[in-house]
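Please walk through this chain with a view to what surrounds its nonpolar residues and which charged side chains pair up.

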Amino acid sequence: MSTYTDSNKKITAQSLVSMKKQGEKISMLTAYDYTTAKILDEVGIDSILVGDSASNIMAGYATTIPMTLEQMILYAQSVVRGVKHALVICDMPFGSYTNPIDGVKNAVRIIQESQCDALKLEGGEEIIETVKAIIKVGIPVMGHLGLTPQYINRFGDYRIRAKEKEEARKLVIDAHLLEEAGCFGIVLEKIPATLAAQVSSEISIPTIGIGGGADCDGQVLVIDDMLGKNKGFHPKFLRLYADLHTVISDAVSNYISDVKQSKFPNKEEQY
Ligand code: KIV
């Protein structure tokens, strides 16, 4: 349990930076709804990411590209209502931060309408002026490097990134640029563990890994994936902490059978 959660304090973007300084690992999971967010917060998660992975997990799209600002705001509002302590970070969706003016306008909208604490943007040098402009108006920003799913049509696939020297070199430069721009942390997705370790040791803001190895300052997973709801999805970096697919299937099968056989409801379950 985090010392920050223990003291019943709201965790802030600055808390995450302090946790890195003190050598305390940061726990982060995604959530998209009120009841899940409430459970994560009650058990002491440090941070909840309202990821645009909602596109895959909640809406069933193949990529995160279709997510809209309105949809992200709705998911973030639901999560925020369930949270007392954890830092709530919301992804800015694809196309909502292509330049500093649109970026600030849309960032302000997400923060005002959802009351989440911070935003996450994908990319490095190419979005740096937008990142600076959003931070300038007082919104904490987390970066996201490596496999950045909003760039899937440029990458062509979801394979590990920055294995080649040139891409690794750019990633290190981008991490420093994001730190200098004022980001409070950076997600490192699906890159070699040695590269994530190098970045984590070179910058003073926390790195949050998903497929980035053990030397990141914290870890994030997509909640449905780690709970085993997404049957058959098991990339190397994912640890399954539950088998909700089986739990839900068994429960619903039992319910169907009880209804069909008039075993539900019984006398105690009716008025
Ligand atoms: O959208 C998301 O869930 C994310 C995590 C995979 C880091 O960006």
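Predicted model: local features only at pLDDT ≥ 70, side-chain atom pairs only at ≥ 80, totals over all residues.

**Core and salt bridges**

Residues are numbered from 1 along each chain as its sequence is written, and side-chain values use heavy atoms, with hydrogens and water left out.

L119 is also among the residues with the most contacts inside the largest nonpolar core, together with I48, L121, F184 and L188. That core has 77 residues. A nonpolar core is a set of buried Ala, Val, Leu, Ile, Met, Phe, Trp, Tyr and Cys residues joined through side-chain atoms within 4.5 Å. Buried means under 20% relative accessible area, exposed means over 50%, and partly exposed lies in between (1.4 Å probe, protein chains only). In soluble globular proteins, nonpolar side chains tend to be buried together.

The charged side chains come next. A search of the whole structure finds 13 salt bridges, each being a side-chain nitrogen of Lys or Arg within 4 Å of a carboxyl oxygen of Asp or Glu.

One of them joins D91 and K120, with an N to O distance of 2.7 Å. D91 belongs to strand β3 (residues 87–91) and K120 to strand β4, so this pair ties together parts that are 29 residues apart in sequence. Helices (H or I, at least four residues) and strands (E, at least two) are DSSP runs, numbered from the N terminus. D91 is buried at 3% relative accessibility, and K120 is likewise buried at 3%.

K10 and D117 form another salt bridge, their closest N and O atoms being 2.9 Å apart. Because K10 lies in the loop between α1 (3–6) and α2 (13–21) and D117 in the loop between α6 (100–114) and β4 (118–120), the pair ties together parts that are 107 residues apart in sequence. K10 is partly exposed, with a relative accessible area of 35%, and D117 is partly exposed at 24%.

A further salt bridge connects R109 and E70 at 3.0 Å, N to O. It links distant parts of the chain, R109 being in helix α6 and E70 in helix α5 (residues 69–81), 39 residues apart. R109 is partly exposed at 29% relative accessible area, and E70 is partly exposed at 45%. These two residues and E113 are linked in a network of salt bridges.
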